[in-house]
Amino acid sequence: MAVGDRMSTINKNAQQIAAEIISNKKVGAYHHIVFAVGDIASHVKPGNFVAISVGGENSSMVLRRAFAIYRTIDRGATGGALEIVVAPHGSGSTWLTAQMPGVKVDLIAPLGTSFGIPTEPVRALLVGGGYGSAPLFGLSEVLKNRGCRVDMVLGASTAMKIYAPLDGKRSVSSLTITTEDGSTGLTGKVTDVLAEIIETNQIDIIYSCGPMGMLEAINKVASELGIMHQCAVEEAMACGVGVCMTCVLPIKGSDGQIRMLRSCIDGPVVDGDSVIWEAKRTIPEGTWGTN
Amino acid sequence: MFNFQTSIGQVNFANPIFTASGCAGSGRELAQFFNLTELGAIVTKSIMLKARSGRATPRMAETPSGMLNSIGLQGPGIDLFLEKDIPWLREQGANIVVSIAGESVEDYAVLARKLRSVPGISALEVNISCPNVENRGQVFACHPTTARAAIEAVRRNIGGELPIIAKLTPDVTSIVDIATEVVSAGADALALINTVLGMVIDTNSMRPKLAGKTGGLSGPAIRPIAVRAIYQVREAMPNVNILGMGGVASGRDAFELILAGASAVSIGTATFGDPSAAMRIKRELQDELVSHGFDSLHEAIGYAHRSDGGLR
C-alpha cells in the first residue's frame, strides 16, 4: 500500500449514524460492545476503525474517540452489527464501557485504511498486543477464506489483558500467547517468539496491531528477515475524519519522500517499512515541508 | 420567510455559518458528511508560502470543554493549494474564504499577490496570530505596529475588491486597540477570536503534554472570552463586520455571538467532535432566531448592545 504520493481521501463508505448499543459485556480487562449499524456493517474491512462521540449531551469531552473494529456481522437479529473491544483507560472509554444496551451513540464508520489481502494463498502471521488483537480475528477469517494459513501471536503484560475469544481462536492454525508476568502462555514479549514461528511456518507476511513500541519491534524483526509487514498504528486522534491534523506520523512514500501523514486517513494500516520508527514523535530531517 | 443572509465587507453570504480555519481540512473530508454549498462559506486552513510539516507530536490534549492544539500550520504551501484545493472547492460550488498566514510582512505581501487574481474567492482571512521571525518570534497580532504592517502589506497587494478579514488573538491587553489599528490599516472586517494560549502538564510524565509545550485552547471553554471580545469591538466599531468564533457548539451559542455583534459565526472545534456540527448549528440557529421573534438575522446582530432595555 503505497501512501503519500497520491491524494489521500476519507474512506468513501464512511457514514455518521446514531447507533444503538445491542450488548455490552465485560471480558477480562476489556468490554466487548456491539452496535446496531445497519448497512455500514457490509462496508467494513479488517483494519478499519470507528469514531464515537462520548459523554452524551452537554459533555465536557469535546473530541471523538477512535476504536479499532473487532468485527462486523452483515445480518444479525437486528440487522448489521459492529463490534469493538474497549479498554476503560481514560474518561471517554470509561463512559462508553458504562453505557447499557438501548443507549444510542453517535458513530462514524468505516474509517481509515484496511489490511491488504493477498490475491494468492500465503502463510500469514498475525501479531496483536493487548486489545490490539481484536481486529486480527476478522482479518484471520478473510485470510482463511482466501486459502491462507494463519498463525497468531498475542501478547500483553498479564493474562487479564489477552483478548482471545473462543470462536476467534478457531480461525487460526496456531495460537501462541506471551505475557510479561508469565501469568499465561510463555513469559516474555511477542518479539521473543517471532523469529522461530516465522521460520517454522515459513511465514510470507506479518499483520500486526497494538502499541507503537510493539509495532516498531515487530517491524525490526520483519525487516531483518525480509518479510512484508503491515501494521495498524495507534495515534491519538481528535476527530478521526482527517480535519484536525493531530494524528500525524512520519511516513515514507513510494517516491522516497517522508511526509507527516494522518493516521486516520493514510492509516491506521500502513506498510511497516514506510514508517520512520526511529523518529520517535519528532519531525525527521528531510520531511516534506521542513526546508 | 426568514432572511438568513449576511454580509462581511461588501460580500453577501446566504447564511452566517462558516467553518473556522484549520477545522475543515481541505473541504474534501467534510464533503463526505454534508454539501459544502450549505455553508455560508468554507474558511480554508491558514495557508503559508511554502509547504510546512507542522510540529512534532503529541499535538493535542483534551481539556475540560475544550482542547489544546499545537499543529504548527501543517500544509501544502500556497502554490499547491491554488493548484489542487481551490479548483476542487470551486467545482463544489462552495463559497470560499482563503485564510493566509506569514512569518514576515513580506510573506503576507507575496501571499496577497498570489491570490489577487484567483477567481472564485469571496474574502481573505489574514491570520496574524503567527510568530514573526523577523521580530524574535513575537506574534504579529500582539502589537499594533506589527499587526498594522501585516494588514497594510495585504491591502497594498490584494487590490480593491476582495474583503480582508483580520483574525485577531485575544491574548492582548486591549483587543479594541489592535482592532482599531488593523481597520485603519485597511481591514474590512475582523475575525474574533483565535485560540487562547495555554498549557497542559502530563502528571504521569511530569512534562508538558504537547511536543510544542504550549498550544491554542479552543472549544466551549473559551466562548465567554469570544463573547467579551466581540462585544467590546462591536461597541467601539459598530460598523465593522465581525466573523465571530470561539467554542460555538450549538445554535444557542451562535446566537450568543451574534447578539454580541458577530455578522457570521465560524464553527471550529465542534467539527472535531461532530463533522456535521455546522449543519446542526445552522438549523438550531435559525430556530433560535425565529423563536425570539426575529424576521432576519440582520436584526439580531449586536442586539445585546441595545439601549432601550426592552425584551423582544
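With 25 C-beta neighbours inside 10 Å, A:M245 counts as buried (a residue is buried if 20 or more other C-beta atoms lie within 10 Å of its own, exposed if 12 or fewer, and partly exposed in between, with C-beta atoms placed from the backbone). A:M245 sits in the loop between β12 (228-232) and β13 (248-252) of chain A, and its phi is positive, near 65 degrees, although the residue is not a glycine. B:M206 is in the loop between β14 (201-202) and β15 (207-208) of chain B and, with 7 C-beta neighbours inside 10 Å, counts as exposed.

All of this comes from a predicted model, in which local features need pLDDT of at least 70 and side-chain atom pairs count only at pLDDT 80 or more, while totals for chains, interfaces and linings use all residues. Residues are numbered from 1 along each chain as its sequence is written, with chains lettered from A and ligands numbered from 1 in the order in which they are written. As for pLDDT, the predictor's confidence in each residue from 0 to 100, chain A averages 93, and 97% of its residues score at least 70. Where pLDDT is low, the predicted coordinates should not be read in detail.

Chain A holds 5 helices and 15 strands. Its radius of gyration is 18 Å, close to the 19 Å that the globule rule gives for 291 residues, so chain A is as compact as a globular protein of that length (the radius is taken over C-alpha atoms, and the rule is 2.2 Å times the number of residues to the power 0.38). Along the principal axes, the C-alpha atoms of chain A fill a box of roughly 50 × 50 × 35 Å. Buried residues account for 51% of the 291. Of the contacts in chain A between residues at least 6 apart in sequence, 66% join residues at least 24 apart.

Seven strands of chain A form an open sheet with mixed pairing, in the order β10-β9-β8-β7-β11-β12-β15; strands pair if DSSP finds at least two bridges between them. At the edges are β10 (186-187) and β15 (269-271) of chain A, each pairing on one side only. Further in, β7 (residues 123-129) and β8 (residues 149-156) of chain A run parallel and are joined by 7 bridges, with A:L125 partnered by A:D151 in β8(A). Helix α5 (residues 212-225) of chain A lies across β7, β11 (205-209) and β12 of chain A, at about 170 degrees to β12(A); axes are lines fitted to C-alpha atoms, for helices over the stretch in contact, and angles run from 0 to 180 degrees between N-to-C directions. Strand β6 (residues 104-111) of chain A is the place of A:P110, and the peptide bond from A:A109 to A:P110 is cis, with omega near -10 degrees.

Chain B has a cis peptide bond too, joining B:T57 and B:P58 with omega about -5 degrees; B:P58 lies in the loop between β4 (42-43) and β5 (60-63) of chain B. An open antiparallel sheet of 4 strands in chain B has the order β5-β6-β16-β13. Strands β5 and β13 (196-199) of chain B are at the edges with a single partner strand each, so one side of each is left without a neighbour in the sheet. From one strand to the next, the twist averages 35 degrees. β13(B) is joined to β16 (residues 214-218) of chain B by 4 bridges, and B:M199 stands opposite B:T214 in β16(B).

Helix α7 (residues 251-260) of chain B is mostly covered, with 9 of its 10 residues buried. These pack against α6 (223-236), β17 (241-244), β18 (264-267), α9 (277-291) and α10 (297-300) of chain B. After α7(B) comes B:G261, with a positive phi near 135 degrees.

Between the chains, 34 residues of chain B are in contact with 29 residues of chain A. On the chain B side, α8(B) gives the largest share, 4 residues.

Terms used. Helix = DSSP H or I, 4+ residues; strand = E, 2+ residues; numbered from the N terminus. Contact = placed C-beta atoms within 7 Å.
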